Amino acid sequence: MKITINKKEYTLHFGLDFIETLDNTEIIDRNGMQVGMGTQMNVGLLADARNPKYLVNIIRAALITEDAIPSTADIRTWIEEQEDIPGVIDAFLLQLKQVNLLAEMVNWKAVKVQNKEALKKFLK
């Protein structure tokens, strides 16, 4: 999946670095042990609430392996500039659903996608 922010094209990577980075956005205490739950929370809430604010953490985590990462403000601006927010959310959900590492982390059967063609826009 590719996005262009400030005229620079970025390839989003959804591997272990993505999961580790996203997990660190939400830490809970479970029996005295700190457990990262950011992946389940951000992806799950993006799917359930369809709130674009969850895209900020998801995009930042997906760019963690890039040499230069756009600022949070630039990512927010990119999201705000999208004309079809429901389509962008669908595109991310479709992409994330294809990530084998996330297969057991998210209840994909419950995820509703409105536009099954939305991801094509970001696959260049």
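Modeller: Lys2 has a relative accessible area of 27% and is therefore partly exposed, a class lying between buried (under 20% relative accessible area) and exposed (over 50%), with a 1.4 Å probe and protein chains only. This is a predicted model, in which local features need pLDDT of at least 70 and side-chain atom pairs count only at pLDDT 80 or more, while totals for chains, interfaces and linings use all residues. Residues are numbered from 1 along each chain as its sequence is written, and side-chain values use heavy atoms, with hydrogens and water left out.

The partner of Lys2 is Glu9, the two side chains meeting in a salt bridge at 3.8 Å, N to O. The term requires a side-chain nitrogen of Lys or Arg within 4 Å of a carboxyl oxygen of Asp or Glu. Glu9 is likewise partly exposed, at 40% relative accessibility. By this rule there are three salt bridges.

Another joins the side chains of Asp90 and Arg50, at 2.9 Å from N to O. Asp90 belongs to helix 5 and Arg50 to the loop between helix 2 and helix 3, so this pair ties together parts 40 residues apart in sequence. Helices here are DSSP runs of H or I with at least four residues, and strands are runs of E with at least two, numbered from the N terminus. Asp90 and Arg50 are both buried.

Lys120 and Glu117 also form a salt bridge, their closest N and O atoms being 2.4 Å apart. Lys120 is exposed, with a relative accessible area of 58%, whereas Glu117, at 45%, is partly exposed.

As for the setting, the largest nonpolar core has 39 residues, and Phe14, Phe18, Ile58, Ile59, Trp78 and Phe92 have the most contacts inside it. Such a core is a set of buried Ala, Val, Leu, Ile, Met, Phe, Trp, Tyr and Cys residues joined through side-chain atoms within 4.5 Å. Among the elements giving two or more residues to this core are helix 2 (38-49), helix 3 (53-62) and helix 5 (85-97). Leaving aside neighbours within four places in sequence, Ile58 is in contact (heavy atoms within 4.5 Å) with residues including Phe14, Asn42, Leu46 and Phe92.
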